[in-house]
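Subject: Structure for you to look at

Hello,

Here is the structure I said I would pass on. Please open it first, then read the notes below next to it.

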Amino acid sequence: MQKFNASINFDHRLVDQDIRCSQAHAKMLGKQGIIKQGEAERIVQGLESILDEIKKGDFVLKPELEDIHMNIEARLAELIGPLAGKLHTARSRNDQVVTDLRLWLREKVDELVPAIENLQLSLLKQAENNIGTIMPGFTHLQCAQPITFAHHLMAYMCMLQRDKDRLLDSKKRLNESPLGSAALAGTSFPIDSDYTAKLLGFDRPIRNSIDGVSSRDFALEFLSTAAICATHLSRLADEIILWSSSQFDFIKLSDCYTTGSSIMPQKRNPDAAELVRAKTGRINGALITLLTVLKGLPLAYSKDLQEDKEPVFDTVETLAIVLEAMNGMVNDLKPLPQQMAASAAVGFSTATDLADRLVKIYQLPFREAHKIVGQIVILAEQRSCQLSELPLEMVQTIFPQMSEEDLASLTVEGSIESRTSIGGTSTKRVKEQITYWKEILS
């Protein structure tokens, strides 16, 4: 039961937050006259001594004391005697634990946001260097329309910005103090919850003591945001895996982010990207874990809530290293422009441009133009040539008004430069996007 019940093997991560929380609580007890001011000061000093021991590596964790909170309280009693027992006046482990977790997660959110921004800066750098690098744009993993590599990378800039915004927005709900909720009903002592909230950097105390000890939606919101971010990273990782394959041959990764095969000497496996893709499942699993813990849990506190920490701890650590690895890969990858451009021309990728031209020049309804170009594509497939290589007289059997100028307009470069709508792939619009993100990230 001791082994099953203990949480010290993972909640030791909360040690700094637990000491800060206890120091704030002790200061409040002294300020309110619940304990003597001198007693409060001795408790605060004793906790500071424990923090010094921890930093020096001299603090010994005792599994039989169950969790980090009891380990600290027991050590405090060794240092200052029975006075340590007054620290827990007007407080329960229920509100203590969840306050610690909120403090810890708030700090980690502040660390993850710059990690996302570092990746955005790396994407921006690659985009600036590849404004003119042509590549195929895909739908259904089929060559659809030509785009630029810079334009493709800007899509991930948008996704990551929303991930960052979600993290920052979650702090509005995360940054409330449960301290003072006690076990579930509050306390009869004349505490000052506003004071402890201010000392700990919270925006305000939580408005309901039951909600304070029993809600974990702040953790769910973080895990949900992390899962969305990890999904975006996984999609980019999957594209890096495809692009670096010999079948695509769009990019090269150095030995820094690839590994060799144990049997095939020619292999360069994109293991970093594959691990990013796989670890998304781990983060998604953490979200499902906590959702499942909470879904049938009556208010207020149950021991089930001990299971809130490991998914959160693991997700923070996993997302942090995934962002770091992805940032490294984005900086490391080298586009292969010739192969990318050649691939952009296959699959009749400018067919839509011809349909658009028929609408603009000959005032055809788009659906009719779509049908005509579809018939012309069949001709090109039969002759194994590009649309622009078809004899004019052959195309005119399908659409008599077709001119040499119409066919000559079907270049990949012309297609790209014609996409001038906001957010489009033309050089002008991509440069606008890059300028915008430079301003945002500055």
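Asp238 has a relative accessible area of 28%, so it counts as partly exposed. This is a predicted model, so please read everything here with that in mind.

Asp238 takes part in a salt bridge with Arg277, and their closest N and O atoms are 2.6 Å apart. The two residues are 39 apart in the chain: Arg277 is in helix 11 (residues 271–295) and Asp238 is in helix 10 (residues 217–243). Arg277 is partly exposed as well, because its relative accessibility is 34%.

The structure has 27 salt bridges. Another of them joins Glu78 to Lys62, with 3.5 Å between the closest N and O atoms. Glu78 belongs to helix 5 (residues 68–80) and Lys62 to the loop between helix 4 (37–56) and helix 5, so this pair ties together parts 16 residues apart in sequence. Lys62 is partly exposed, at 31% relative accessibility.

A further salt bridge is formed by the side chains of Lys172 and Asp169, at 3.0 Å from N to O. Both are in helix 7 (residues 149–174); they are three residues apart, which means about one helical turn separates them. Lys172 is exposed at 52% relative accessibility, whereas Asp169 is partly exposed at 28%.

Last, the surface. Leu184, Ile210 and Leu299 make a nonpolar patch of about 280 Å². Leu184 sits in the loop between strand 3 (176–177) and helix 8 (193–199), and is partly exposed at 39% relative accessibility.

Regards

Key
Residues numbered from 1 in each chain as written. Predicted model: local features only at pLDDT ≥ 70, side-chain atom pairs only at ≥ 80, totals over all residues. Heavy atoms only, no water. Patch = residues over 30% accessible without salt bridge, like charges linked within 9 Å, V, L, I, M, F, W, Y side chains within 5 Å. Areas by Shrake-Rupley, 256 points an atom, 1.4 Å probe, with all protein chains shown as cover. Salt bridge = Lys/Arg side-chain N within 4 Å of Asp/Glu carboxyl O. Helix = DSSP H or I, 4+ residues; strand = E, 2+ residues; numbered from the N terminus. Buried < 20%, exposed > 50% of the residue type's maximum accessible area, 1.4 Å probe, protein only.
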